[in-house]
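Thank you all for coming.

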Amino acid sequence: QIGMLSTAGVHKEKGNQHFGRAQYKEAIHEYTAGLEELDFGGKSSSSEHNVLVATLLANRAACKIKIDNHEEALKDCTSCLNIDPKHGKARYRAITCLRKLDRVREAYDMSVEGLALDPSLEDIIKAKQDMQPIIEEMD
């Protein structure tokens with residue numbers, strides 16, 4: 001398993017380099033290769049494995065958001081949150097996707113849930129505040 005982790009880590013770093021150069025499709029390819037290397041099928045007993053899978057999913061979601069593929073990005077965020085419910089970046093990205101998909105109630109509920117897990121997440125605090133008037137109008 002050590003070999004898989006290091007190879008997947010290399011894919012993560014290459015993906016990060018592509019992301020930094022706004023080469024989002026290439027970054028998605030690298031993050032996907034890392035997930036395939038880890039034979040991603042969900043949560044593992046290895047915490048190191050889970051951290052890397054969660055990171056690859058959250059990073060791939062960020063790329064998909066950049067290319068306006070919010071439905072697919074949301075799937076990656078959801079998978080990441082199934083592994084690590086406290087993953088702040090994945091939760092914030094999921095909220096972003098839900099809002100882009102006009103699913104404001106779900107986005108708001110996800111922000112409330114996230115802040116219950118970690119009340120210090122600034123991006124999620126702001127997103128919740130931004131959605132508050134919309135939710136009040138809906139009720």
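Let me begin with how the elements are assigned: helices (H or I, at least four residues) and strands (E, at least two) are DSSP runs, numbered from the N terminus. On that basis the protein chain has 7 helices and 0 strands, and, read from the N terminus, the order of its elements is α-α-α-α-α-α-α.

Two remarks on provenance before going further. What you see is a predicted model, in which local features need pLDDT of at least 70 and side-chain atom pairs count only at pLDDT 80 or more, whereas totals for chains, interfaces and linings use all residues. Residues are numbered from 1 along each chain as its sequence is written, and side-chain values use heavy atoms, with hydrogens and water left out.

Now the overall dimensions. The radius of gyration, taken over C-alpha atoms, is 16 Å for the protein chain, which agrees with the value near 14 Å that a compact globule of 139 residues would have, the globule rule being 2.2 Å times the number of residues to the power 0.38. Along the principal axes, the C-alpha atoms fill a box of roughly 50 × 30 × 25 Å.

As for burial, I call a residue buried under 20% relative accessible area, exposed over 50%, and partly exposed in between, with a 1.4 Å probe and protein chains only. Buried residues account for 44% of the 139 residues in the protein chain. If we take contacts (heavy atoms within 4.5 Å) between residues at least 6 apart in sequence, 54% of them join residues at least 24 apart.

Let me turn to the cysteines. How many disulfides does the structure hold? With a disulfide being a pair of cysteine sulfur atoms within 2.5 Å, the structure holds 0. The sulfur of cysteine 63 has its closest cysteine sulfur in cysteine 77, at 11 Å, which is too far for a bond. For cysteine 97 the closest cysteine sulfur is also in cysteine 77, at 5.1 Å, and that too is too far for a bond. Cysteine 63 is buried, at a relative accessible area of 0%, and cysteine 97 is likewise buried at 0%.

Next, two serines. Serine 111, in helix H6, residues 104-117, is by contrast buried at 0% relative accessibility. Beyond its neighbours within four places in sequence, serine 111 is in contact with Ile95, Ile124, Lys128 and Met131.

On helix H3, residues 47-66, we find valine 51, which is exposed at 54% relative accessibility.

Finally, the backbone at two loop positions. Which phi does alanine 22 have, given that it is not a glycine? Its phi is positive, about 60 degrees, and alanine 22 belongs to the loop between helix H1 (2-20) and helix H2 (24-37), where it is partly exposed at 45% relative accessibility. Aspartate 102, not a glycine either, also has a positive phi of about 60 degrees; this residue is in the loop between helix H5 (88-100) and H6, and is exposed, with a relative accessible area of 69%.
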